[in-house]
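User: Hi! I'm new to protein models and would like to learn how to read one. Could you walk me through it?

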Amino acid sequence: MTVPSLVLFDDLVARRWEPFALTRPAGELLFGALTLRARAERVTRLACTCQLAADHLLGFTEEGAPPVAPLHEAPAEGDRLFWLSRAVPAWETREAMPERISRAGPVLVGGEVAGWYAPSGSPPPPREFFDRPVSSDAPVAELPGRLIEHVWEIISALRDQLSADIAALHPRPRAPNLPEGAHHRGAHPLVLGAGTTIEPETVFDTSEGPIWLDDGVEVQAFTRLGGPAYVGRDSRLLGGALDCVAIGPVCRVHGQVGESVCLGYTNKQHDGHLGHAYLGRWVNLGAETTNSDLKNNYGTVRLWTPEGEADTGEVKMGCLLGDHVKTGIGLLINTGTVVGAGSNLFGAGLPPKYVPPFSWGSGADLTEFRLDKFLEVAERAMERRGVTLTAALRDQLTRAWRRGRVAPGTW
């Protein structure tokens with residue numbers, strides 16, 4: 001029996017998850033301890049062969065990520081499972097997934113259509129299914145889990161997802177062997193990957209949830225890390241108080257950070273508060289960059305979306321920073337600020353609550369970040385971490401730059 005192919009797709013909802021959808025498919029967003037794509041692979045026990053997303057993402061390339069391809073290049077032979085990228089299957093799905101499905105039809109997650117199973121010899125679902133995954137056909141599988149509707153849910157649901165992921169991936173962890181002067185308190189587990197380096201005068205508090213340090217993580221003195229938390233491979237915690245964080249690979253993080261996500265290759269090496277925030281890849285925060293995550297009147301926070309401002313229903317919500325955003329020293333970011341990919345912000349003035357992609361400037365005085373200059377900065381930043389700005393990625397970022405200059409809402 002051949003192993004089915006897993007194909008992730010972004011529907012119209014996921015394609016509006018700004019400020020991230022301009023530069024990456026939704027499956028490559030970190031939610032909890034895994035990207036949405038990696039969780040789908042783990043739960044279904046299938047390897048993702050390609051991702052279907054907006055045309056401007058064709059050519060997207062990133063270490064470990066399958067390519068973004070047009071629909072006509074998706075696998076056409078063998079059994080295929082087309083899976084909605086914003087579906088979050090519960091971990092018990094591993095037991096609920098049928099061994100073999102004999103007919104084509106929709107797959108439900110949490111009672112909603114989240115995919116389509118196409119056995120060998122059957123066609124994929126119709127093209128419109130990938131925009132709006134609905135079907136009146138009887139489901140071929142009904143799985144536990146949920147769909148994420150709004151981009152801010154990857155922040156507001158972070159705590160529960162971290163706890164669930166770490167418990168599922170490390171059900172019987174060994175007791176950690178900490179060096180003298182490092183402290184572990186709390187009943188939940190502390191999981192240490194291979195090659196972790198932990199200095200004395202560090203505290204790991206698992207009173208509120210588990211902590212997982214992935215391979216090659218370095219934790220320097222005077223760091224307090226509260227669970228639930230995940231720190232990705234080869235990242236460094238450089239001191240400060242961190243609580244309920246999901247940190248991707250090769251990040252440098254220092255200061256006060258809570259209920260926040262750093263997708264990967266993020267630099268926050270200095271003091272400054274970061275709360276209820278999501279930082280894309282290749283973000284660099286200047287010293288003392290600080291965001292607000294609570295309004296003075298304790299009201300719910302509103303965020304910009306491509307459809308207009310939306311009430312998140314959350315009392316605490318900080319900022320969303322797209323890929324390749326840079327901030328200068330001392331920058332202050334207001335509650336509920338969305339900063340488009342590739343923007344470079346500096347100065348004493350608060351940026352507007354929505355900063356268009358590839359903006360340059362201080363406060364509300366924003367101009368266009370020239371394409372040649374943006375690519376030059378991106379290439380330098382990536383070289384510093386041993387990553388090459390390939391021709392394919394350069395072309396994809398160029399398309400993102402051109403698309404980002406179009407007025408929001410016309411995409």
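Analyst: Let's go from the overall build to a helix and then to some charged pairs. Keep in mind that this is a predicted model.

User: Okay, what does the secondary structure of the protein chain come to?

Analyst: The chain has six helices and 36 strands. Its C-alpha atoms fill a box of roughly 60 × 55 × 45 Å along the principal axes.

User: How do I read the radius of gyration of the protein chain?

Analyst: You set it beside the value for a compact globule. With 411 residues, such a globule would have a radius of gyration near 22 Å, and this chain has 21 Å, so the two agree.

User: Now for charges. How many positive and negative side chains are there?

Analyst: There are 40 positive and 49 negative side chains, and the centres of the two sets lie 2 Å apart. In general, side chains of opposite charge can pair when their charged atoms come close. In this model the count comes to 23 salt bridges.

User: Can you show me one? Which side chain does Glu 62 meet in a salt bridge?

Analyst: Glu 62 pairs with Arg 24, at 2.7 Å from N to O. The two come from distant parts of the chain, 38 residues apart: Glu 62 is in the loop between strands E4 and E5, and Arg 24 is in the loop between strands E1 and E2.

User: Are Glu 62 and Arg 24 buried or exposed?

Analyst: Buried means under 20% relative accessible area. Glu 62 has 15%, so it counts as buried, and Arg 24 counts as buried too, at 3%.

User: What about the salt bridge of Asp 243 and Arg 159?

Analyst: Those side chains meet at 3.3 Å, N to O. Asp 243 is in strand E20 and Arg 159 is in helix H4, 84 residues apart, so to speak linking distant parts of the chain. Asp 243 is partly exposed at 28%, and Arg 159 is partly exposed at 27%.

User: Which parts does the pair of Arg 185 and Asp 205 tie together?

Analyst: Their side chains meet in a salt bridge at 2.6 Å, N to O. Arg 185 lies in strand E11 and Asp 205 in strand E14, so the pair ties together parts that are 20 residues apart in sequence. Here Arg 185 is partly exposed, at 48%, whereas Asp 205 is buried, at 7%.

User: Which residues do salt bridges that share partners join into one network?

Analyst: Arg 24, Glu 62, Arg 281 and Asp 323.

Methods:
Residues numbered from 1 in each chain as written. Predicted model: local features only at pLDDT ≥ 70, side-chain atom pairs only at ≥ 80, totals over all residues. Heavy atoms only, no water. Salt bridge = Lys/Arg side-chain N within 4 Å of Asp/Glu carboxyl O. Helix = DSSP H or I, 4+ residues; strand = E, 2+ residues; numbered from the N terminus. Buried < 20%, exposed > 50% of the residue type's maximum accessible area, 1.4 Å probe, protein only. Rg over C-alpha atoms; globule rule 2.2 N^0.38 Å. Lys, Arg positive; Asp, Glu negative; His and termini not counted. Charge placed at Lys NZ, Arg CZ, Asp CG, Glu CD.
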